[in-house]
Amino acid sequence: MKKPLFQRVMCFILSVATLLGAGGFTVAAGDLKPDTTAATLDEMKAVVGTTTYAEYIAGYKDAKPGKGVIQLSNDRVSGAVKVTESEQCKDANITEREDYDFENHQNAVYLSATSKATWTFDVADDEIGLYYIKVVYYNCDTRDSSISTIQRKLYLDDKIPFSEAGSLQFQKYWVTNNAETVVTDTDEEDKVFDPRYETRADGYYKVYSYVKDGKKYETTYKISQDINGNSMAPELVQSSAWHTYYCQDSTGYEHGYFMFHILNGNSHTLTLEAEREDMIVESIELIPVDTSVVDIPSYEDVKAEYEANGYKPAEGGNIYVIEAEFPDAVSDSSVYATNDNTSAANFPSTSKAQLYNVIGENSYNTVGQWAAYKFRVSKDGLYNISMRYKQSALQGMYVCRAVKLSGGKYGLSDGTPTAPFQEAYNARFDYNKEWQSNYLSDGSGEAFQFYFEEGVEYTIYLECSLGSLKELIQRVEVSLDKINECYLKILQLTGNDPDEYRDYKFDEIMPDVLYEFLVQAENLENVKNEFVELCGTTGSHVTTLHTIALLLDRMGSNYGDDVAANMSTLKSYLGTLGTWINNSKTSPMVVDSLTVAPSDSGKAGLKRATPNFFVSIGFEIASFFWSFFTEYDQMGLTRVPDADSKKIDVWLATGRDQSQIWRGLIDAKDGFTDRTGVAVTLKLVTGGTLLPSVLSGKGPDVYMGLGSTDVINYAIRDAVYAVSGNEKSFTEEQNKIFSSNYYTYIEDGKYVTSTVAPENYTGSGTYVENSKTLTFEEVLGAEDDPNYVKAALDTLQLQGMTFGIPQTMSFAMMFYRMDVLAELGQEVPESWGELLALLPVLQTNNMSIGVNYISAIDFMIYQKGGNMWKYPDDPDYQGAKIDLDSDVALEAFDYVCRLYSDYSFPVSYDAANRFRTGEMPIIIGDYASIYNQLVVYATEIAGLWEFTSLPGSFREDGSFNYNSLAGIGATVMLNGCKDILSSWQFMQWETSADIQAAYGNKMVALIGPSAKYESANVKALRDLSWTASEKLAIEEQMECLYSIVNYPGSYIINRYTKFAFLAAVNDGADAVDALTGYIDDINTEIYRKRQEFGMKVLEPGEEPGDVAGGDT
Amino acid sequence: MAQNNNAEISRPVKRSEVSKIRWTWEEMKNNKTAYFMLAPFFLLFIIFTILPVVLSMLLSFTDFNMLQMPPHWMGMSNFTRLFLGDDIFLLACQNTLIFAAVTGPVSYLLSLLIAWFINELPPKIRAVVTLIFYAPSISGQVYLIWKTLFSSDSYGWVNATMIDLGVISEPILWFENADYVMPLCIVVALWTSLGTAFLSFIAGFQTIDRSMYEAAAVDGIKNRWQELWYITLPTMRPQLMFGAVLAITNSFGFGAVVDALCGFPSVDYAAHTIMHHLNDYGGQRYEIGYASAIAVLLFIIMFSSNVIIKKALSKVGE
């Protein structure tokens, strides 16, 4: 992997050059070859070829610490603008905010989400040495921000010093927006009150209060609830504030801060290249590594210090309970309070409703995520901290939290928390399927003691970390890489299915591979033993390692028989090992409460872990009883609609998370109901429910996410209303709804809808902000800046009418493995020609390319300039005949068949799995679903793959096209809808860019990065949490989309093209003959269907022109 | 007169003296408790079984499309189209008959033979073996194991093995190749067919009175075959009937498994049965009227084959 320095430098210079070249927003016209967003070979090599931090720092073992702080000047920066000059900052009024403190931060620079900012600095001769890099930043929330963490690539002198520096994560801080502080004068002495937790009629409260210097401070936190008493997710908002960041590892393997070796000389550069999000940087400093700011002592030393200072357990100190569901700040919007009713001892808990009583579960388990809690103590002295938690996910393992503190003597001077001693990085929580209550400790049995002073506000941070397991997991990860390399090497020799009876002479050809097997077998076995020693138990978790080690050992020693025979087993074990690492890296745990107690409290400082038997059984029975009365439909409903208010029924067939997010958006302040006064009954239904419900007349008013095939199916049978061109089904009065703007006013406490604009309004009511309802034309957006691509609308149109508004849009893109292509020295193919040229190289190495043949047939026809239907522009006869018998379509079909028959593309394959092992370095498939799958399923190749637009085809006329097929899910209004205006208001609200973006971002916040939402709204896509380059790639593909309109009878097309394709591939039939044989069958079916719906038909051999205007 | 009346009443009423309807009515009145207790099931049976069948028969004469009411009366045109204008229906009929002809009798005989064989085993072993044979049909979608075995992927078990052995060089698309689809589906059908019928056979064997065999031996039964034919089978005629009905319904209604294995529709309609044709029109094309016509035909075919089987079974042991 290591490359000569010169080559690496060259790579970087080239990659920088290409990056700068592709930096701007290049919008390619539909038919021109794009300035592709795919990575070049050099870029890919740069990703693959860098060293790790461990290797980097090993090279500077003898280097001295730097001397003196080196301040990087914001006057010598390029690629960033002053905050005062930035449009985005002006729009968001950043500098006028109180927390921005403009007085002290006048010189800060704004780094946009696509920026690459470079600071130039000089280093004196005696300053050469090792430094930490400290960045003071402000997380802004401009229009360009989303919920993602800020991510930057760091270059020193145009070179990423080590791979970890390629993904620095600058955290944002999230706080709930429902804490209120009241300050009152008082004569009381300084004191600290125990926090109070109360369930009141309108929600669940925490009251945090203390008296200091004659003033009483009382902060009230609230978790609000719906009409049935279920807690509702408190909204987390970004707290924009100044933060200090020391460059550190985001993967959790390296504790402490990165050290960088800085050479002397003038005009060195430090570059921060944006990966995600924008930020404001006040200063960057290079801090010599011997500075004591980050020197963390061992617990032994800390104890000795306690003794020397004569610290004693805090006598008479209060026992301070912190309920974990009220964090003061969290690192991520996905770390939020939730409900856990598995134990009656959880506080608060009721069997009637779902009260938020814990934090954690699945969303608070990734390295680096933390939750922070403020507390005060009433007496000086030593304290223990206990926790009531449940760690029931990782059997045979423990999870770790790094305990960091700020306030008083803890943390850095600017409030950045630090671990009080080394062992605090490894606070250990063992597995148990029941709830546990224990003092924080590192597993040695001795509870950590902390010294706290009265009157000081401390904040405790509980950060997910790998703790003491990090080294073991890292070793397994290295092993996995090595074994994977070996696997690919053998694969290149033997192919997918090695012949176990053949002698491949592995010992002569690749003795190093066999040796590596033995080394890794021993390594895994060692790791396993150390695991058992550390955890004290042998769970199924470590057995995995043992099993794999056994296999490797056999393959390495008995190579004659066992290598070839066990290749497929090895492959599945590689997958298992990847999953193992994934699981080990997460640290799932549910936390109910923390207790800060004087260190001599003993049992008194621990909350009861499990309730007694009778309480438990009573709780279970009550829960069962109440489950009959829970109205799941009403989850999250905050107000009972007035009897006379407007109501609409909306159905959707997604998951419960999705429906709760919609519920939240509808009910939010400035949400739909707030704006229009229309109450929405949101129902989560299963997919097939719509049809029978429409049949029986019990259908909804609006259905969200109906597939375009069904939209047309329902439309031709009059089951959905057209939202444009709908004169046929609507009266003139009703039709006006879709072509006028409506505004909502509140008159005498009642919502009134009117077409009068606020500027002309003369009534007594007040206008509700943002309540303007758009016309259909406005929903589509301006012609030069549309909200939807043409393909998205095409597929919802029939006979001049549009049935519904596009909601989701999926389309195929190309995913590629950068490491594999870089190793083979191949560029990412941009056209099918290039792809086929690459194929021999892949096939020599027993690799292949994964494309689904059905979609390949479709997009190839359109790439080559064909069309699925004849007469696309004739309103009467569009869809009357299939155009598969045209020369272009037949050629495209033949081309695709040859890919599979002559070029041996696999017809059937497990894409994600083969992509992960590298056997299929290129796969083509739906961008969001494959992305989501790879993000959770193949974390070991994170950062090694990207996606870009499809390979394109050159057409006869020399133009170039990389069309992909758009699949649409739409929001539709059903026939029988009771309130057309309200339904229309809802539809256009729901599909608007803001709401779509909010929904997509909430999905990611709630479920994680694998919940990317494929909104059909082009403008919403810009606000979703894709990285800048991903966004660029998606937008590029969006420029080149088409859709196949589902005219009556269209279901028959794929059926017969599939038959023809399989005949060609299975039996070697001539592709063109096979397809033309089915053309008549297809046309007959279409003819029959059109007749059924009374549409104009064409006899075989008849052209539209032949029909002399008369009846058919 | 009064005396006469009394005399009449006290005399038992003869069956032939009253009309059939009246007789039934009287009987129902006498047994009203039984009818009352029968009512809940009877109502459900009428609403959810009889009524849909009748409705479906009515709909088969219309162009009902699932969404638009009311449907139009079409007369016999659905049926004429079915026989004269729909090539694929004829293909589906052919497939169904092949399928039913192979799987029906074979699975029936197989069930019977295996049940007979198992019946001879000692009780403990019998329980275990019964479970082994019955397992495929209780484990729900276990037939999907065939999808793994015959996966089209080059990593599929059969493909991988055959590539290993050098029989083939490219993976065979088992369930997407018209040549293999039908035989594979028949094999899977047979594998899963040892279901309820098989159990009822075992139960049937258990109910036979042992003393009958002894009596038969005295009467001159020569061998086990005669024992089977003259005693065992006639005694368990109800179970045989039950098994036969199930075998027929299963072999005609075998659709879901094919869908799961081959996708819908199967390649080149190679395993397209009447059941699939019905789903195609009912589910995909929303032509419920036409689909009902298909269903009615399927109903008639199943019903008549049941009648035939009943006749055939009455000959057992004669």
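Student: Is A:Asn770 buried, partly exposed or exposed?

Tutor: A residue is buried if 20 or more other C-beta atoms, placed from the backbone, lie within 10 Å of its own, exposed if 12 or fewer, and partly exposed in between. A:Asn770 has 13 other C-beta atoms within 10 Å and is therefore partly exposed. Please keep in mind that this is a predicted model, in which local features need pLDDT of at least 70 and side-chain atom pairs count only at pLDDT 80 or more, while totals for chains, interfaces and linings use all residues. Residues are numbered from 1 along each chain as its sequence is written, and chains are lettered from A and ligands numbered from 1 in the order in which they are written.

Student: Where does A:Asn770 lie, and what is its phi?

Tutor: Helices (H or I, at least four residues) and strands (E, at least two) are DSSP runs, numbered from the N terminus. A:Asn770 lies in the loop between β38 (766-767) and α18 (776-780) of chain A. Most residues other than glycine have a negative phi, and most peptide bonds are trans. A:Asn770, although not a glycine, has a positive phi of about 65°.

Student: What is the phi of B:Tyr286, and is that residue buried or exposed?

Tutor: B:Tyr286 is not a glycine either, and its phi is positive, about 55°. This residue belongs to the loop between α15 (274-284) and α16 (288-314) of chain B. B:Tyr286 is buried because 22 other C-beta atoms lie within 10 Å.

Student: Which peptide bond is cis?

Tutor: The bond from A:Phe347 to A:Pro348 is cis, with omega near -10°. A:Pro348 is part of the loop between β22 (337-338) and β23 (358-361) of chain A.

Student: What does A:Ala165 touch, apart from residues up to four places away in sequence?

Tutor: Two residues are in contact if their C-beta atoms, placed from the backbone, lie within 7 Å. With such sequence neighbours left out, A:Ala165 touches A:Leu154, A:Ile160 and A:Phe258. A:Ala165 sits in the loop between β7 (150-156) and β8 (168-170) of chain A, and counts as buried because it has 22 C-beta neighbours inside 10 Å. From A:Ala165 to A:Ser250 the C-alpha distance is 9.2 Å, across 85 residues in sequence.

Student: Why is B:Arg210 classed as exposed?

Tutor: B:Arg210 is exposed because it has 7 other C-beta atoms within 10 Å. B:Arg210 is in helix α11 (residues 210-219) of chain B.

Student: How do helices α5 and α13 of chain B cross?

Tutor: Axes are lines fitted to C-alpha atoms, for helices over the stretch in contact, and angles run from 0 to 180 degrees between N-to-C directions. The axes of α5 (residues 87-119) and α13 (residues 237-252) of chain B come within 8 Å and cross at roughly 145°. In the contact, residues of α5(B) including B:Phe99, B:Thr103 and B:Ser107 meet residues of α13(B), among them B:Ala244 and B:Ile248.

Student: How many residues of chain A are in contact with chain B?

Tutor: There are 25 residues of chain A in contact with 21 residues of chain B. On the chain A side, α15 (690-695), α16 (708-716) and α30 (1051-1067) each supply at least two residues. The largest share, six residues, comes from α30(A).

Student: Into which domains is chain B divided?

Tutor: Domain bounds come from an automatic or database domain assignment. Chain B is divided into domain 1 (15-59) and domain 2 (79-314), and 34 Å separate their centres, taken over C-alpha atoms.
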